[in-house]
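Q: I would like to learn how to read a model of this kind. Please walk me through the features one by one.

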There are 2 protein chains.
Amino acid sequence: MRETDFVSGFGRGLKVIEAFGETRQRLSIAEASKLTELDRATVRRSLLTLAELGYADYDGKFFTLTPKILRLGHAYLAATPLPALLQPHLDLLSEKAGQSASASVLDGTEIVYIARASQRRVMSINLTPGSRLPAYCASMGRVLLAALAESEARAILARSELKQNTPKTRTDPDELIAEFRRVRAEGYAVIDQELEIGLCSIAVPVDNDRGETVAAINIGAPAALVPAAEMKERYLSLLKETQAALRPLLRR
Amino acid sequence: MRETDFVSGFGRGLKVIEAFGETRQRLSIAEASKLTELDRATVRRSLLTLAELGYADYDGKFFTLTPKILRLGHAYLAATPLPALLQPHLDLLSEKAGQSASASVLDGTEIVYIARASQRRVMSINLTPGSRLPAYCASMGRVLLAALAESEARAILARSELKQNTPKTRTDPDELIAEFRRVRAEGYAVIDQELEIGLCSIAVPVDNDRGETVAAINIGAPAALVPAAEMKERYLSLLKETQAALRPLLRR
DNA sequence: CCATTGTGTGCGATATATGAACAAATGTCA
DNA sequence: TGACATTTGTTCATATATCGCACACAATGG
């Protein structure tokens, strides 16, 4: 790609939108400038553009995003068959298990939720399509990383900030790679409070009819109700059932 | 705002992203150019910019959005307290009712889903945060339009394409305005298969502590299981319960 | 084989980014 | 409170980047 094939004004604008996610609802020009490391004058033009197009409101001091901004993410959710295909199966899975069920794909070092059916809140944070979690310490992340070539998985771990979220979080790359091997061999991953104290989850890959892993699905449960040791016997067969139902639907 | 305070390259890029929602997953440069009515060279630069930043993939012929694009919508969902606040209440509502529950806000002539808890699929289309429906023929839309000044509601109807989706769809502006009055007086709206045959729904407004309507919540059910006439007696009290639980949480 | 449709590139006209300058608002401290 | 220092939003001049057009070429299909 040539230098001139890049619209820097567009790139800067996208950066400005993302700045809203990192902090609060409202951003002043100066705040947005700091978050994006762009010149105040430049950010101002981007924000005024967003306001002009109805993607943001401006009260003369603060800018806030409007729901119109959801059109952008929706362009992906509507255009990609995967989320729409998964949703009813997640609903059913969630109902049968009596717990939250989610689906995600890998994006860099993070997993991105693309669909979710929640029975109960088990996590302190609110997960919606578009929510992101570090892959190395999430059950779906383990499954998705295990599906990659080992060198690739290792490269992603190297780029990840391997943070000790809880005393139980595994952060040693070699240990994680070994776990990926087990996940590949046994077909599922269980997380026991590695992301957040009190939360266990179990995930399996979703493969298409060519055997390529295109997503992961999981069930999350409060550790107080379902000990990690019981996750497998309670939910693995339900997950496998859903996995099997999805495979023929995923043509590439 | 001065003419030079608008970054047209940014605006054009956003238009390109939205073009993906309207059709398929994959867009060629020429297709995107037609959809956006922008010059091919311009669209090409925007698409290459998206690809360069990881928001799109490019195989040399077609562009597809990547899950990274969800960050943009997520910036809104994460930054705005409303969706996160509503979600657990919707989950509970959905569980109690045994039907899908959703929340939405008004954006122009359409309602935008900002949260959803689905028990079962009742609609032919898949609704996710960011999904849009015409306001005039959706239960939440009726509630949100009823909350506006009548002149404003009428202006929105004038801008709406009042389409006869089913034989039951009401499309007469005066009739709709009269219905808004009833909704205002009685505090709820019921839709009987006006959007899609086989689908009934009932909605109530969500007000903040100053009495301003900030969103609407609804329950949808298959007409075959729950006749429209029964929607009120079955679900209104549950909705009112949720409405009451939310009000004190919504400070402005 | 020609007509059609799609993609890549060079160029002049036009739009935008940048950093500095300035005024207004805000914060700080005696 | 008043004087002073910071921070913020806005404007400006100008160097730089981008747009849309025209054209060349490639791929497709009848």
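A: Start with the term "near": a residue is near a molecule or strand if its C-beta atom, placed from the backbone, lies within 6 Å of it. This is a predicted model, where local features need pLDDT of at least 70, side-chain atom pairs count only at pLDDT 80 or more, and totals for chains, interfaces and linings use all residues. Residues are numbered from 1 along each chain as its sequence is written, while chains are lettered from A and ligands numbered from 1 in the order in which they are written.

Q: How many residues surround DNA strand D, and which are the closest?
A: DNA strand D has 20 residues around it. The closest are A:Ser8, A:Ser28, A:Ile29, A:Ala30 and B:Thr42.

Q: Which elements supply at least two residues each of the surface near DNA strand D?
A: Elements here are DSSP runs, numbered from the N terminus: helices (H or I, at least four residues) and strands (E, at least two). Chain A supplies helix 1, helix 2 and helix 3. Chain B supplies helix 1 and helix 3.

Q: How do the residues of the surface near DNA strand D divide?
A: Classes come first. Ala, Val, Leu, Ile, Met, Phe, Trp, Tyr, Cys and Pro count as nonpolar, Asp, Glu, Lys and Arg as charged, and the others, Gly among them, as polar. The surface near DNA strand D has seven nonpolar, six polar and seven charged residues.

Q: Which residues come nearest to DNA strand C?
A: They are A:Gly9, B:Ser8, B:Ser28, B:Ile29 and B:Ala30, out of 21 residues around DNA strand C. Two or more residues each come from helix 1 (8-22) and helix 3 of chain A, and from helix 1 (8-22), helix 2 (29-36) and helix 3 (40-52) of chain B. This surface divides into seven nonpolar, seven polar and seven charged residues.

Q: What rotation superposes chain B on chain A?
A: Two copies of a chain are related by a rotation about an axis and a shift along it. Superposition is by least squares on the C-alpha atoms of residues with pLDDT of at least 70 in both copies. Here a rotation of 180° with 0.1 Å of shift along its axis places chain B on chain A, at an RMSD of 0.1 Å. The two copies are thus related as by a two-fold rotation axis. In chain B, the C-alpha of B:Phe10 is nearest the axis, 2.1 Å from it.

Q: How many residues of chain B are in contact with chain A?
A: Contact means that the C-beta atoms of two residues, placed from the backbone, lie within 7 Å. By that rule, 58 residues of chain B are in contact with 58 residues of chain A. Helix 4 of chain B gives the most to this side, with ten residues. By class, the side of chain B that touches chain A has 28 nonpolar, 18 polar and twelve charged residues.

Q: At what angle do helix 2 and helix 3 of chain A cross?
A: Axes are lines fitted to C-alpha atoms, for helices over the stretch in contact, and angles run from 0 to 180 degrees between N-to-C directions. Angles under 35 degrees count as roughly parallel, over 145 as roughly antiparallel, 65 to 115 as roughly perpendicular and the rest as oblique. The axes of helix 2 (residues 29-36) and helix 3 (residues 40-52) of chain A come within 9 Å and cross at roughly 110°. That makes helix 2 of chain A roughly perpendicular to helix 3 of chain A. The helix 2 side of the contact includes A:Ile29 and A:Ala30, and the helix 3 side includes A:Arg40 and A:Val43.

Q: How do helix 6 and helix 8 of chain B pack?
A: Helix 6 (residues 139-146) and helix 8 (residues 173-186) of chain B pack at about 85°, with axes 9 Å apart. Helix 6 and helix 8 of chain B are therefore roughly perpendicular to each other.
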